[in-house]
Amino acid sequence: MVSMSKIATGNGHGENSPYFEGWKAYETNPFHPIDRPDGVIQMGLAENQLCFEFIKKWLMEHPEASVCTSEGVGRFKETALFQDYHGMPEFRQAVAKFMGKVRGDRVKFDPERIVMSGGATGAHETVAFCLADPGEALLLPTPYYPGFDRDLRWRTGVELVPVICESCNNFQITRNALEAAYEKAGEDGLRVKGLLITNPSNPLGTIMDRDTLKSIVRFVNEKNIHLIGDEIYAATVFKSPEFVSISEVIEEVECDRDLIHIVYSLSKDMGFPGFRVGIIYSYNDAVMNCARKMSSYGLVSSQTQHLIATMLNDHDFVDDFIVESREQLFKRHEYFTWSLSQVGIGSLKGNGGLFIWMDLRKLLKDNTFEGEMDLWRVIINEVKLNVSPGSSFHCHEPGWFRVCFANMDDNTMEVALSRIRAFILKNNESIVPRKLCRRSSLKLSLSRSLSRRIDDFMSPTGIMSPHSPLPQSPLVRART
Amino acid sequence: MGLLSRKVTCNSHGQDSSYFLGWQEYEKNPYDEVKNPKGIIQMGLAENQLCFDLLESWLAKNPEAACFKRDGQSLFKELALFQDYHGLPAFKQALVDFMAEIRGNKVTFDTNNIVLTAGATSANETLMFCLAEKGEAFLLPTPYYPGFDRDLKWRTGAEIVPIVCTSSNGFQITESALEEAYQEAQRKNLRVKGLLVTNPSNPLGTTIKRNELDLLINFITVKEIHLISDEIYSGTVFSSPEFISIMEVLKDRKMDKSQEWERVHVVYSLSKDLGLPGFRVGAIYSNDPIVVAAATKMSSFGLVSSQTQFLLSAMLSDKKFTKEYLSKNHKRLRKRRSKLVSGLEKTGISCLDSNAGLFCWVDMRHLLSSDTFEAEMELWKRIVYDVKLNISPGSSCHCTEPGWFHVCFANMSEETLKLAMQRLKSFVASITINKQSHQELMNTRRKNRTNWVFRLSFQSFHDREQDER
């Protein structure tokens, strides 16, 4: 009886990881404010849901963005027939311009270098196919997005070698860590073809500073290996320090541009994961041409190309969107991290992304990954929140969890926060900061005082109250 | 420069083939009725442009689908966020219903067995990733769609071994051809994992007959291998014999509980039947849950845009529309094909008798200077550069006999087709005149030489020869 391929029957798809287990728990019992108020709240999905009203308003004012409306149907036939893997020129121009704006117009992107892919998922796989043969390796700083195990390895046969990053320096990438990983790969008989960095980082929610990026660029040039910069969260940087892109750094440091490739997408920055808009931007002509041929396997629907081209070629809309998005993310992030800090839960100080890297090391019964899994199961089954355990991101230290905050409305977030509070207060009052709670009998008054602070915060105008304990960001000050 | 993978540096992407070179020439000098009336007419692109009026009229009557709305409610947010690789349930249902309707509802399809992919290009590659790997091969009847060389082999590492079909029996698949291909694979040390057939066939434009389908099923049963049936042209069958899907044959043979049932997989797409290649809507249909599960995960690399799924779920759920569309599509294709065929006949060129597809398989063997592929290339270059028609030479489709050409008829207006036929007629007439005058010239030369010889000897021989010419 003939078999299927090893790829199909193996576990290379990576879906047996706990990252996905939590999703399954959510899917069997999803939270709904009315129908399932005790359901699991999804905090494991890095979606950006904060700007839909803003975008919908634009759509209503621009029916021509759809080739199916009476205003747009004049373009229907040519759009429906357009399957050229170069992509629509206006789409490429719009995306190139958007990428530039997101980087404060400090760099320009060439529309002729824009190559489409089936989301960033398709982009990563394609880049891996172009840069490495089966059995060769890519270096990846930990912790990293679990999907990479599938996207970079599954059908390509490429290996991943972790670059260990640690909490002692806030998980920054060090030269030593890079060298150690490179050496280890050599010892294991693996030929390293490249380094992939995600900046802003998933799951950390931090950006890399200029010096770190320069050091990375020097490293890849010395070793003559590729550098893949996954910058899909570029527009989600909501407070300083400002985002610095690889595309800027290569202007400042001597660099062989044939080594440099950027992966981009509209799934996070705009909140459009369903539209499958992935982009490969390579400075290497051979890679660009090959990736373009491979894009046949995941072209962006021309219907969607037209929509995105119309939207992103509206530069006023884009400018307003970038500001609005940052503001919404900032507000949500600040409130969420503040609320957690009130019950003694810290997180890595971050300024981008759609999630926080939450520090629950103090709650571990054992400082081991088993201890982390135990805690995680409690969070899923008792607290009913789907958060993602650090081990699923290949974090080197147990006790860290990624928690998404931009994929829900305010009410759901309040429910999530109240569950967290209840859990902490019930189980571990010792971790509550001394200034807020000296004795267990203060528990009740504590929760009352917390609610009062929350009311202060959530003023009718929806902006931060002047009485808020949080420092106000320049962004908020500028608006009010 | 850092080293790249072998995939970048080799040419298994297949784009150096003549199939694509013709396109490149076309792109440098494309015909336009007004702006470039002397440009190259594209007849190498299997697009269906005959029914856009029907699509546009549906859109005008269904404005909600255009604006992400249903029953007055905006679904924009839900759709923008929808990235579930299981696909939009309403779209999958509409798609399987449409597939059943095309097959006269003689077979039905289960939404649990369908996987959505970014076009048939992605579907074929994904299936290959699931079923074969390096050192393994699929058997394909020739001639076949040139894109398969890229889609099935490039990144998967799998090989294709041809099942040679010839004009002696209208290019039908025979048992001996199947067996010979299987042996050839063994000789090359390749493990055969399956067959892939295109039904209706590209480039032949014919539907596979029931006895051939039976043959295929018998073959995969004996060899215990897979069968992929690429049925992307199933909605373009415009005259008899009726389209018979491989699923129908399995059902008729009561094989729906057999092992073979799980080894037969269908590929579909809306690029040809509905004329929407830009929207990237493909599908894999399999009765094997392991294939479905693996292919579903792989579809992450090329999902169908939720915006497109939503639009098409509304369109294909409109059964009144689909009925009218399929019927008119058939009529118009039949009419357009007959225009091409009669145009060619006037030029003394015949085609394989076909009942489907967006193209004809044209016999220009009599126009070749010799029965070789060099002569075919020579003729093809003249047709592209001098006659200014981009048609595809049979060698690019791996045909084993020189002189056949793939000519599309549904991707242009009737006027453009007429012009193309006129150009071809003039060209053929000029070759014929040239051939005649060439022949005359050859005869005159021979005569003069003989004259010269016999002038030296016998005057009477010369007189006789002149009479015989």
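Biologist: Which residue does K6(A) form a salt bridge with, and how far apart are the closest N and O atoms?

Modeller: K6(A) pairs with E133(B), and their closest N and O atoms are 2.6 Å apart. The pair crosses between chains: K6(A) sits in helix α1 (residues 6-9) of chain A, while E133(B) is in the loop between α7 and β5 (136-141) of chain B. A salt bridge here is a side-chain nitrogen of Lys or Arg within 4 Å of a carboxyl oxygen of Asp or Glu. Helices (H or I, at least four residues) and strands (E, at least two) are DSSP runs, numbered from the N terminus.

Biologist: What sort of model is it, and what are the ground rules?

Modeller: It's a predicted model: local features need pLDDT of at least 70, side-chain atom pairs count only at pLDDT 80 or more, and totals for chains, interfaces and linings use all residues. Residues are numbered from 1 along each chain as its sequence is written, chains are lettered from A and ligands numbered from 1 in the order in which they are written, and side-chain values use heavy atoms, with hydrogens and water left out.

Biologist: How much area do the two chains bury?

Modeller: About 6,600 Å² between them, 61% of it on carbon and sulfur atoms. In chain B, F76(B), R155(B) and F301(B) lose the most area to chain A, together 12% of what that side buries. Buried area is the accessible area (1.4 Å probe) that two parts lose on being put together, summed over both. The contact (heavy atoms within 4.5 Å) takes 72 residues from chain B and 73 residues from chain A.

Biologist: Switching topic: at what angle do α13(B) and α14(B) pack?

Modeller: About 80°, with the axes of α13(B) and helix α14 (residues 319-346) of chain B 5 Å apart. Angles of 65 to 115 degrees count as roughly perpendicular, under 35 as roughly parallel, over 145 as roughly antiparallel and the rest as oblique, and therefore these two helices are roughly perpendicular to each other. M315(B), L316(B) and S317(B) of α13(B) make the contact with K319(B), F321(B) and T322(B) of α14(B). Axes are lines fitted to C-alpha atoms, for helices over the stretch in contact, and angles run from 0 to 180 degrees between N-to-C directions.

Biologist: What about the phi of E224(B)?

Modeller: E224(B) has a positive phi of about 55°, although it is not a glycine. Most residues other than glycine have a negative phi, and most peptide bonds are trans.
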